[in-house]
Amino acid sequence: MSVPVTTSEEPARELPRPVAEIAAGTSIDPRIAALVPGFDAPFFQAGLAGYSDGAMRLLARRHGAPFCVTEALLDRTLINGGKGRRKEDPDLIATECGMGEIEDNRAATLDDHPIAGQIMGTDPGEMADGSRILLSMGYEVIDVNLACPVKKIRRSNRGGHFLAVPDEAIRVLESVRRATPASVPCTVKLRRSYDDTPEMVRAFERIFDAAYDLGYAWTTVHCRTVVQRYEGPGRWEFLSALTAKHPERLVFGSGDVWSVDDIFAMLEICRVQAVSVARGCIGNPWIFRQARELMAGRPALPPSIEEQGCVLRAHFDLARVIHGERSAGQRMRKFGIRFARHHPGESEVKAAFIRCETPAQWFEVIDHWYGVSEAKAPSVPLAVSATSARRKTSPSSSRSPQASTERTSSTRSPIAASDPAAA
Ligand SMILES: Cc1cc2nc3c(=O)[nH]c(=O)nc-3n(C[C@H](O)[C@H](O)[C@H](O)COP(=O)(O)O)c2cc1C
């Protein structure tokens with residue numbers, strides 16, 4: 001199954017005041033900062049199976065993401081030390097929610113903190129054992145996935161399936177919480193319900209209440225149903241109603257966060273305490289820098305083409321360390337396609353990435369379209385706000401700053417600027 005990446009069905013959302021004003025008055029809820037030192041801004045990088053490995057996380061952090069969640073890791077994968085996963089669910093790997101590799105999700109370096117290790121499974125006992133393994137891997141938070149909509153996962157009683165069987169879901173939550181020392185926050189990823197029937201709506205409420213009763217620090221609620229998968233707009237009104245009903249609880253929001261403006265719109269409209277950035281940050285680590293800039297009262301500038309090229313190279317270098325050259329090449333093809341949307345010659349750049357069969361060809365695309373050769377690229381991407389202060393494009397004012405400003409970047413590289421296809 002392919003996962004929709006566009007935002008065409010998203011409803012227009014009215015904001016009572018400009019995004020820049022909302023962002024400038026935004027800070028982290030002190031309860032979150034106290035629970036997870038270092039979680040110092042009200043947004044984070046979501047778990048994204050097939051994408052959010054150590055390489056993507058480190059890039060997100062270098063651009064300002066204060067907290068990241070791993071891909072969902074199967075309890076049995078953890079218990080078997082990584083063995084058996086491919087045999088069990090061969091068609092799910094790297095396509096959608098569910099099946100992270102242990103090695104991809106181990107905190108990448110000392111910089112890859114704070115981080116939540118996300119666990120998914122069926123049996124409460126195995127979930128508890130898996131959580132203990134996650135703890136030994138050094139995650140600061142244990143996040144339980146009760147949200148994954150993949151059919152195979154549902155059939156084997158995992159992920160979003162649990163939203164239809166609240167007693168079983170609560171047993172899993174209880175077991176993981178009991179296996180985890182009180183000093184380590186447990187959290188849970190939910191969908192707004194299994195489906196829209198009254199019975200399932202009640203089931204959600206039971207599980208949601210039980211999580212807090214059991215001592216879970218926060219829930220992250222994806223405002224689509226399990227049945228809805230990734231289709232159709234997320235129901236932000238659901239999140240607004242949930243937080244209005246439970247103002248004392250920490251609730252994080254997920255669904256239809258495509259741009260930096262969406263982060264602050266969700267905070268303002270839904271009154272969640274933090275926003276989960278998911279598809280909106282694939283090939284777009286700048287969303288985190290832009291959010292930091294807006295919070296500091298500065299304009300949210302788009303990345304220059306040269307900067308895009310440097311980040312693509314840095315991403316490949318990190319992926320190479322984690323996955324090895326060949327596998328990094330395969331992964332980076334799909335990332336290149338997602339990064340291409342920032343480039344003025346989007347369709348040509350995308351086509352060029354799609355044609356890549358070897359890492360060498362991939363680097364030729366970077367060289368040609370971004371004007372960044374190996375000699376020119378810094379070994380690490382630029383730090384938060386270091387480059388943006390130097391650029392002079394206009395501030396973010398529209399709903400989607402990427403769409404409105406990136407194509408008019410004044411800092412295009414010589415090669416891209418002189419290529420008619422890039423204009
Ligand atoms: C390819 C893909 C993989 C995902 N993997 C995970 C995962 O491993 N764990 C998780 O909690 N959510 C996962 N999600 C769900 C996202 O974190 C997020 O809740 C969802 O995409 C809705 O947000 P969005 O509409 O802003 O993308 C995944 C979503 C996608 C598209």
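**View 1. The protein chain holds 19 helices and eight strands.** Helices (H or I, at least four residues) and strands (E, at least two) are DSSP runs, numbered from the N terminus. This is a predicted model, in which local features need pLDDT of at least 70 and side-chain atom pairs count only at pLDDT 80 or more, while totals for chains, interfaces and linings use all residues. Residues are numbered from 1 along each chain as its sequence is written. Of the 423 residues of the protein chain, 54% count as buried (20 or more other C-beta atoms, placed from the backbone, within 10 Å of the residue's own; exposed means 12 or fewer, and partly exposed lies in between).

**View 2. Helix α12 is mostly covered.** Take a look along residues 260-270, where nine of the eleven are buried. Among them are V260, I263, F264 and M266, and the buried set also includes D261 and D262.

**View 3. E199 sits in helix α10.** This helix covers residues 198-213. E199 counts as exposed because it has 11 C-beta neighbours inside 10 Å. A164 is 35 residues away from E199 in sequence, yet their C-alpha atoms are 8.7 Å apart in space.

**View 4. Here is the shell of 25 residues around the ligand.** A residue belongs here if its C-beta atom, placed from the backbone, lies within 6 Å of the molecule. A46, G47, A49, A278 and R279 come nearest to the ligand.
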